[in-house]
Amino acid sequence: MSTPVTLGATTTADDVLAGRDLRGTRVLVTGASGGIGLETARALAAHGAAVTLAARDAAKLESAARGIAGRSGNADVDWLPLDLASFASVREAVQGYAARHDRLNLLVNNAGVMASPLLHSADGHEMQFAVCHLGHFLL
């Protein structure tokens with residue numbers, strides 16, 4: 001039985017995961033090339049999870065994945081290009097993921113856009129709705 005965590009304004013991802021062994025858990029984190037997504041992926045890898053980072057910028061993803069693997073000592077960190085504003089990209093990413101991995105235990109839907117000007121996705125949907133909802137739903 002794990003000890004309950006008291007969450008507050010200063011709680012970190014490592015605080016939430018303290019005492020947990022995530023070896024054997026396969027995780028995909030969207031929006032993982034920076035910010036909260038990157039920190040979430042780092043903490044999960046540091047606690048033993050096999051982590052796939054997903055985002056639009058392949059160069060940032062590769063750098064982030066190598067950095068996490070190097071700092072955490074967890075070699076099971078990879079990356080996957082994914083543009084949630086494009087259904088074709090989501091489908092391609094799913095095929096790429098399935099070709100490399102036999103399962104997914106945890107999906108962290110972190111990616112998003114907020115307060116953007118009126119833009120439309122490749123599929124004609126309002127951008128914020130496309131990325132934050134439709135893309136993740138399809139994924």
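User: What makes the contact between Glu39 and Arg42 a salt bridge?

Analyst: In this predicted model, the side chains of Glu39 and Arg42 meet with an N to O distance of 2.6 Å, and since a salt bridge asks for a side-chain nitrogen of Lys or Arg within 4 Å of a carboxyl oxygen of Asp or Glu, the pair qualifies. Both residues lie in helix H2, which spans residues 35-46, and they are 3 residues apart, about one turn of the helix.

User: Why is Arg42 called buried, and why is Glu39 called partly exposed?

Analyst: The cut-off for buried is under 20% relative accessible area, and Arg42, at 18%, therefore counts as buried. Glu39 has a relative accessibility of 32%, and because partly exposed covers the range between that cut-off and the one for exposed, which is over 50%, Glu39 counts as partly exposed.

User: How do you know that Asp102 and Arg103 form a salt bridge, and which residues are joined into one network by shared partners?

Analyst: The closest N and O atoms of Arg103 and Asp102 are 3.2 Å apart, which is within the 4 Å that the term requires. Asp102 is exposed at 68%, while Arg103, at 34%, is partly exposed. The network built from salt bridges that share partners consists of Asp14, Glu39 and Arg42.

User: What makes Asp21 and Arg23 a salt-bridged pair, and how many salt bridges are found in the whole structure?

Analyst: Their side chains meet at 2.3 Å, taken from N to O, again within the cut-off of 4 Å. Arg23 has a relative accessible area of 64% and is therefore exposed, whereas Asp21, at 45%, falls in the partly exposed class. A search of the whole structure finds 7 salt bridges.

User: How are the axes of H2 and H3 placed against each other, and which residues make the contact?

Analyst: The axes of H2 and helix H3, the latter covering residues 58-72, come within 9 Å and cross at roughly 35°, and the crossing is right-handed. From H2 the contact draws on Leu38, Ala41, Arg42, Ala45 and Ala46, and from H3 on Ala64, Ile68 and Ser72. These contact residues divide into 6 nonpolar, 1 polar and 1 charged.

User: Why do strands E3 and E4 count as the edges of the sheet?

Analyst: The open sheet has 4 strands in the order E3-E2-E1-E4, with parallel pairing. Strand E3 (77-81) and strand E4 (106-108) each have a single partner strand, so one side of each is left without a neighbour in the sheet. Neighbouring strands are turned by 20° against each other on average, direction ignored. Helix H4, residues 87-100, lies across E1, E2 and E3 and runs at about 155° to E3.

User: How do you know that E1 and E2 are paired?

Analyst: Two strands pair if at least two bridges are found between them, and E1 (residues 26-30) and E2 (residues 50-55) pair in the parallel sense over 5 bridges.

User: What makes E1 a mostly covered strand, and why is Thr30 called buried?

Analyst: In E1, 5 of its 5 residues are buried. Arg26, Leu28 and Thr30 point one way from the strand and Val27 and Val29 the other way, and all are buried. In a regular strand the side chains alternate between the two faces of the sheet. Thr30, found in strand E1, has a relative accessible area of 1%, and so it is buried, the cut-off being under 20%. Leaving aside residues up to four places away in sequence, the residues that Thr30 touches include Gly37, Ala54, Leu82, Val108, His136 and Leu139.

User: What is the phi of Ala115, and why is this residue called exposed?

Analyst: Most residues other than glycine have a negative phi. Ala115 has a phi near 55°, a positive value in a residue other than glycine. Ala115 has its place in the loop between E4 and helix H5 (127-138). Exposed means over 50% relative accessible area, and Ala115, at 67%, therefore counts as exposed.

Technical notes. Residues are numbered from 1 along each chain as its sequence is written. This is a predicted model: local features need pLDDT of at least 70, side-chain atom pairs count only at pLDDT 80 or more; totals for chains, interfaces and linings use all residues. Side-chain values use heavy atoms; hydrogens and water are left out. Helices (H or I, at least four residues) and strands (E, at least two) are DSSP runs, numbered from the N terminus. Axes are lines fitted to C-alpha atoms, for helices over the stretch in contact, and angles run from 0 to 180 degrees between N-to-C directions. Contact means heavy atoms within 4.5 Å. Buried means under 20% relative accessible area, exposed over 50%, partly exposed in between (1.4 Å probe, protein chains only). A crossing is left-handed if the near helix is turned anticlockwise from the far one by less than a right angle, and right-handed if clockwise. Ala, Val, Leu, Ile, Met, Phe, Trp, Tyr, Cys and Pro count as nonpolar, Asp, Glu, Lys and Arg as charged, and the others, Gly among them, as polar.
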